[in-house]
Amino acid sequence: MPSVNGLADIVAAETELSMVDGQRGRLVYRGYEAPALAKTRRFSEVAHLLWTGRLPDPSELRELETQLTEARTLPPEIVAILDALPPEVDMMSALRTAVSAIRPRQIWPPTIEDATRIAGMMPTIVAYRHAKVTGQTPVPPRLDLSHVANYLYMLNGRAPSEAHTRALEAYLILTIDHGLNASTFAGRVAASTQSDLSAALTAALAAMKGPLHGGAPSLVMDMLDEIGSRENAAPFLRAKLERGERLMGFGHRVYKTRDPRAEALRDIVIELTQADPWFDLAAHTETIALRLLEEYKPGRELYTNVEYWAAAILRTVEIPKPIYTATFSISRVVGWSAHVLEQAANNRLIRPQSTYVGPLPA
Ligand SMILES: CC(C)(COP(=O)(O)OP(=O)(O)OC[C@H]1O[C@@H](n2cnc3c(N)ncnc32)[C@H](O)[C@@H]1OP(=O)(O)O)[C@@H](O)C(=O)NCCC(=O)NCCS
């Protein structure tokens with residue numbers, strides 16, 4: 001019997017966008033294995049796949065990349081809104097506020113053109129806001145760099161290496177869509193009322209902000225920072241498990257085998273950072289953690305999840321910790337908007353029922 005609590009196991013939509021197979025450890029986007037796409041394709045190619053159902057031919061790719069690039073320069077009203085927010089407003093709230101103020105060119109039905117514009121603007125919104133709240137001068141976007149390379153450029157003020165761009169690109173591709181997760185569901189519910197695309201994306205961003213959804217990689221980083229050295233890994237993790245605490249970056253509600261995204265990211269991190277002592281600590285800690293989880297939680301099928309190696313990638317490419325969730329959103333906005341388009345194409349208002357368990361009038 002499916003559980004009402006948290007809607008676990010309840011099927012609430014049909015989708016052609018992504019298949020998450022938790023038993024076999026498989027993630028498929030529109031007929032393609034996600035890890036294979038992450039290793040061989042550009043972010044914009046996978047965005048085209050999700051939005052249209054096909055990988056682009058060279059001229060379609062050029063067209064899409066031109067549109068994404070044109071959106072990089074923010075309209076003045078969005079800049080004014082970001083400037084008006086006090087510095088204490090956190091990044092996800094600032095991003096949500098800015099996205100809510102983007103006026104789609106068409107209200108209903110939502111369009112790929114508007115999805116592209118919003119996806120193109122989001123990296124600049126995040127980089128601009130980050131510079132402002134950290135007292136730096138915002139770095140204007142460069143129009144000759146790819147979507148992902150330009151994001152790193154705006155954050156660090158220098159053109160990134162090919163290896164760093166590819167690593168971040170792989171992370172963004174592997175997190176671009178993931179079935180009916182909380183933020184995607186929120187976006188589809190808003191879209192089902194025939195609300196516009198930026199409203200639906202605002203609802204998705206609101207759900208993404210919570211620590212149970214978008215916030216895990218920074219907790220992994222905190223854990224590895226606390227461990228600090230190889231020798232400390234085993235005693236630290238053992239003490240945590242003795243206290244009944246969870247190890248960050250392990251276990252998953254859906255994957256009861258190895259998370260395919262974690263595997264792919266691990267391969268990429270290995271390729272990138274073999275010589276980095278921090279990577280060595282992460283790899284060693286993973287081995288010890290898996291052994292201890294088997295000892296303390298036998299049979300629970302706990303494996304490394306995507307957040308563990310996402311933390312390693314984000315650290316390697318020097319994304320600042322306060323913008324981890326916003327960086328995840330820069331990728332997931334493609335999945336959200338693809339779901340909004342899919343919902344609109346065959347729309348019926350999403351309106352479930354509740355069971356009243358309160359008192360009745362006397
Ligand atoms: C992701 C997560 C919330 C999924 O939880 P879930 O499907 O609800 O699993 P449950 O809470 O039912 O846990 C099942 C058992 O495994 C244990 N467990 C699950 N994840 C664990 C972890 N990371 N460390 C230690 N034990 C863990 C639970 O304590 C429980 O043990 P019990 O049977 O003795 O009570 C959970 O694995 C977790 O908290 N992981 C750490 C946080 C994290 O990495 N989040 C990012 C997810 S992408």
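This is a predicted model: local features need pLDDT of at least 70, side-chain atom pairs count only at pLDDT 80 or more; totals for chains, interfaces and linings use all residues.

Student: What radius of gyration does the chain have, and why does it agree with a compact globule?

Tutor: The C-alpha trace spans about 70 × 55 × 45 Å along its principal axes. A compact globule of 362 residues would have a radius of gyration near 21 Å, so the chain agrees with this expectation at 21 Å.

Student: What percentage of the residues in the chain is buried?

Tutor: A residue is buried when its relative accessible area is under 20%. The chain exposes about 17,300 Å², of which carbon and sulfur atoms supply 53%. Of the 362 residues, the buried share is 50%.

Student: Why does the span of helix α11 agree with its number of residues, and what is the distance between its end C-alpha atoms?

Tutor: Helix α11 covers residues 216-227, which makes twelve residues. At 1.5 Å a residue these should span 16 Å, so the helix agrees with its end-to-end C-alpha distance of 17 Å.

Student: Which helices do the buried residues of α11 pack against?

Tutor: The buried residues of α11 include Val 220, Met 221, Met 223 and Leu 224. An α-helix has 3.6 residues a turn, so residues three or four places apart point the same way. The partners of the buried residues of α11 are α12, α14, α15 and α16.

Student: Which residue just after α11 takes a positive phi?

Tutor: The phi in question is about 75°. The residue that takes it, just after α11, is Gly 228.

Student: Is Gly 120 buried or exposed?

Tutor: Gly 120 belongs to helix α6, residues 112-133. Leaving aside residues up to four places away in sequence, Gly 120 touches Leu 68, Ala 71, Arg 72 and His 147. Burial requires a relative accessible area under 20%. Because its relative accessibility is 0%, Gly 120 counts as buried.

Student: Which residues does Ile 112 touch, not counting residues up to four places away in sequence?

Tutor: Ile 112 is also found in helix α6. With a relative accessible area of 27%, Ile 112 is partly exposed. The residues in contact with Ile 112 are Trp 51, Thr 52 and Leu 341.

Student: What is the omega of the cis peptide bond that joins Trp 108 and Pro 109?

Tutor: Pro 109 has its place in the loop between α5 and α6. The bond joining Trp 108 to Pro 109 is cis, with omega of about -5°.

Student: What phi does Arg 30 have?

Tutor: Arg 30 lies in the loop between β2 and β3, and at 23% relative accessibility Arg 30 counts as partly exposed. Although Arg 30 is not a glycine, its phi is positive, at about 45°.

Student: In which loop is Glu 301 found?

Tutor: Glu 301 is a residue other than glycine with a positive phi near 55°. At 41% relative accessibility, Glu 301 counts as partly exposed. Its place is the loop between α14 and α15.

Note on methods
Residues are numbered from 1 along each chain as its sequence is written. Side-chain values use heavy atoms; hydrogens and water are left out. The radius of gyration is taken over C-alpha atoms; the globule rule is 2.2 Å times the number of residues to the power 0.38. Buried means under 20% relative accessible area, exposed over 50%, partly exposed in between (1.4 Å probe, protein chains only). Accessible areas come from the Shrake-Rupley method with a 1.4 Å probe; for residues, only the protein chains shown count as cover. Helices (H or I, at least four residues) and strands (E, at least two) are DSSP runs, numbered from the N terminus. The expected span of a helix is 1.5 Å times one less than its number of residues. Contact means heavy atoms within 4.5 Å.
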